[in-house]
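The sequence and the model are shown first.

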Amino acid sequence: CPNAAGAPPAAKKQKQAGGGAPAPAGAPGKEGEEALRNLRSLHRLLGDLEQEMKVFQNVSLPIGDAAQELAHGMARAQSADPFPAYVESKKRTNLAIASEYDKLKLELDKSYTQQIQISEGDLYTLQRSLFNVVHYHARYVAFICALLAKKPAWVSENKYSMVYDFVESDYPFSNDKVDALVNASGLLSIIQDDKVADQFHFDERQKGVFNKCYGMLTRFEDMLICIVNLGMTIDDSIATLLKTYLKPAMESPGGAEAEVVQDIQKMMNEISQIEESLLEGLPVSETATKGETLGILVFKAVCQAIIWFQVEFYCNSFVLSEYGPKSPPILNPLQSAACCLHISNTIRKTLFQDLLYKTTSIVQEGEQRDKENPTPVKHSS
């Protein structure tokens, strides 16, 4: 994948311009050849992604429930816009998450501040709250996926910047449409921050798991970036393939490019099948382009990795534990609760800083307008 890992987002998003002498009549030309290469690269990457997603197969987002709840909210409001229904669903989910956070804080306060020996009953309460937190987080990200599936233009807005930011988010970033987001490797970086990591008392075994997990997640995210890079131009590539290969084949069946045409059709069919499989019933708007559908697919894959991370670390380990599937989580309940609350506080700070920045910008813009257009002073007669 060109410009895959390590390059800044701007470099990743650059399109390469074609050039050179025109191709002979009847030949696909450089544009056709490049479009075919892009399709083959996308086909290969989606096949790799399908295999990679098997790592996260023990986790499934409640996509169907989220889409149905948005549809019911739109019906109640008699509105074709899913955003108000999304906001209502998000509020209810946030309240549920906040309630569980309060329980986590209470148990941590007993253990650390009041120095009370934590009982088995308290540990059970803590573990149950952690399961609930993960459950509600899965609902939360499923609502975002369902919203974007109905508003695919948001995905491609500003050259797919929301998707790029999400896949590459080593630290929470704020977004006007979906609040603050951070990917799974970013969550791992937050809890390993030198300023706070000592408070969590991670042992050497856990630190070894962190390194293994971080390597897995960053390779996965690099693959997703490659898919977004191709998704940005795949609609142009498909249009070029239609013009240079498929349309001539329909006009003159059995031509010199017949085998290539069959290959293109086969890849297109398999790409659609993989998309359908990985979207897991997410109802994507008919207005979505192929690139936007890929953007939604990538966004959902990142969300699934986030919930997988939380399950592995807070609930039950299926992949990372050395003791086999459905082992105890990587962190103990007290560590899980402390990490969970630290991540929440970090995201909340990001939202607050973003709000402060926007408020300051509005005030400064207002002051600048007042300077440029001073209000005339009225003199009393």
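In which helix is N158 found? In this predicted model, N158 is found in helix 6, which covers residues 152-167. Most residues other than glycine have a negative phi. With a relative accessible area of 59%, N158 is exposed.

A second residue of this kind is H201, whose phi is near 55°, again a positive value in a residue other than glycine. H201 is found in the loop between helix 7 (184-191) and helix 8, and at 58% relative accessibility H201 counts as exposed.

## Packing of helix 8 against helix 11

Two packed helices are described by the angle between their axes and the distance between the axes. For helix 8 (residues 204-231) and helix 11 (residues 290-315), the angle is about 170° and the axes are 9 Å apart. Angles over 145 degrees count as roughly antiparallel, and helix 8 is therefore roughly antiparallel to helix 11.

On the side of helix 8, the contact is made by F210, C213, M216, L217, F220, L224, I227, V228 and G231, while helix 11 contributes G291, L294, V298, A301, V302, A305, W308, F309 and F313. Sorted by class, this contact of helix 8 with helix 11 has 16 nonpolar residues, two polar residues and no charged residues.

I227, which belongs to the helix 8 side of that contact, also has its C-alpha atom 9.7 Å from that of H43, although the two residues are 184 residues apart along the chain. H43 lies in helix 2 (residues 29-52); leaving aside its neighbours within four places in sequence, H43 is in contact with M267, E270 and I271.

## Aromatic pairs

A search of the whole structure finds nine aromatic pairs. A pair of aromatic rings is described by the distance of the centres and the angle of the planes. One of the pairs is formed by F166 and F299, which are 4.5 Å apart centre to centre with 45° between the planes, a tilted arrangement. This pair links distant parts of the chain, with F166 in helix 6 and F299 in helix 11, 133 residues apart. Both F166 and F299 are buried.

F200 and F202 form another tilted pair, with 5.5 Å between the centres and 50° between the planes. F200 is buried, with a relative accessible area of 6%, and F202 also counts as buried, at 11% relative accessibility.

A disulfide is a covalent bond between the sulfur atoms of two cysteines. C145 counts as buried, at 1% relative accessibility.

C340 is likewise in no disulfide, and the nearest cysteine sulfur, that of C339, is 8.6 Å away. C340 is buried, with a relative accessible area of 3%.

Conventions: Residues numbered from 1 in each chain as written. Predicted model: local features only at pLDDT ≥ 70, side-chain atom pairs only at ≥ 80, totals over all residues. Heavy atoms only, no water. Axes fitted to C-alpha atoms, helices over the stretch in contact; angles between N-to-C directions. Helix = DSSP H or I, 4+ residues; strand = E, 2+ residues; numbered from the N terminus. Parallel < 35°, antiparallel > 145°, perpendicular 65-115°, else oblique. Contact = heavy atoms within 4.5 Å. Nonpolar A, V, L, I, M, F, W, Y, C, P; charged D, E, K, R; others polar. Buried < 20%, exposed > 50% of the residue type's maximum accessible area, 1.4 Å probe, protein only. Disulfide = S-S within 2.5 Å. Phe/Tyr/Trp six-rings, centres within 6.5 Å; stacked < 30°, edge-to-face > 60°.
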